[in-house]
Amino acid sequence: MAYDFNNLSPVYHVSGEDAYLINEVLRQIEDACENPLGDINTAIFDDENFDADKIIMSTEQMPIMAKKRFVLVKNVLKAKDAEIKKLDKYCKAPALDTVLVFAEISGLSVFSKLPAQKIVCKKLSTIELAERVREETAKYGKEISNEAANLLINFSNRDLMRINTEISKLAFASSNKEITADDVKKLVHQNDDYSVFEITNALSDGNADRGIDLMKKMLEVYEFPYILSLIYSNFRRMFHVVLSDGTNAEIAKKIGVQEFAISTMRARAKKLKPMQIIKINELILDIDYSIKMGKMGAENAMFYLAFKMVEIIKGELK
């Protein structure tokens, strides 16, 4: 999903069903700010440090050796009317050297009425997913048949993070120019939910050692990025379960899993706060990005994931 950010707006509101897609847009906006100094020109606010006055103060700082300063407000569950009024006033006359972005996954709508350029990361259709599969495959100098692309989408439960991971695996495993349906059938696994449920349950219980042991066991068969994509998919579904008031059967049909899996997720989700699930999803996306950028090795990523997840579960991550 590519947008034209050559002419950046001073205020954006980015929303959607899929945290992966939202994250992609946020990275594109941040990259467009052309900031080589990182944190010096960046400020991030969430539910824990949300304060309208501090956000506005941050936007008024001049960028240093950057095109724009980047200020992100994300995952805020609620805000007082007085805070929203302050932000509304700012958005009507924003600083021109700063890009202020409000990011909200579907189910959160604290900032939806603020005057801002709206970007809605809609759930991709099968046609759009297939086009994305072809584009990702081309990055590896490969092609993929229509049958293989559709099979990959179904095998991956339409999960973008897993789709990208599987494409990488398929591209390196196939010696042919074109990836075929047979390649997908041989290399893309469909039945790893139970192992991932075990990992999710262990980490959700605050048992990092147990989670690491289970991940090491899976590493005997799979590479870590694939395991990471399965864990992300599991917590992403869990978030949908938390927000939905539908029956188990209705939710199962919507997100493409067995009904018993929804019962398990619902029971597990009761032990977690929505913000904890959001933070876990963001943690996984950040680790995935670090691995792809060569900033973190698979083994270090595994330990980092386990212990940071436990910190989030125990409420120690500030």
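## Close-up views of a parallel sheet and its surroundings

**View 1. β3 and β4 run side by side.** Strands β3 and β4 run parallel, joined by 6 bridges. Strands count as paired if DSSP finds at least two bridges between them, and the strands themselves are DSSP runs (E, at least two residues; helices are H or I, at least four), numbered from the N terminus. Look for Lys74, which stands opposite Ala103 in β4. This is a predicted model, where local features need pLDDT of at least 70 and side-chain atom pairs count only at pLDDT 80 or more, while totals for chains, interfaces and linings use all residues. Residues are numbered from 1 along each chain as its sequence is written, and side-chain values use heavy atoms, leaving out hydrogens and water.

**View 2. The whole sheet.** Five strands make an open sheet in the order β2-β3-β4-β1-β5, with parallel pairing. β2 and β5 (117-121) stand at the edges with a single partner strand each, so one side of each has no neighbour in the sheet. From one strand to the next, the twist averages 15 degrees. Helix α1 packs on the sheet and touches β1, β2, β3 (69-74), β4 and β5, and its direction makes about 180 degrees with that of β4. Contact here means heavy atoms within 4.5 Å; axes are lines fitted to C-alpha atoms (for helices, over the stretch in contact), with angles from 0 to 180 degrees between N-to-C directions.

**View 3. β4, covered on both faces.** In a regular strand, side chains alternate between the two faces of the sheet. For β4, Thr98, Leu100, Phe102 and Glu104 are buried on one side, and Val99, Val101, Ala103 and Ile105 on the other. With 8 of its 8 residues buried, β4 is therefore largely enclosed by the rest of the structure. Buried means under 20% relative accessible area, exposed over 50%, and partly exposed in between (1.4 Å probe, protein chains only).

View 4. Met275 belongs to helix α13 (residues 274-292) and counts as buried, at 12% relative accessibility. Leaving aside residues up to four places away in sequence, Met275 touches Asp47, Asn75 and Leu77. Met275 and Glu48 are 227 residues apart in sequence, yet 10.0 Å apart in space, C-alpha to C-alpha.
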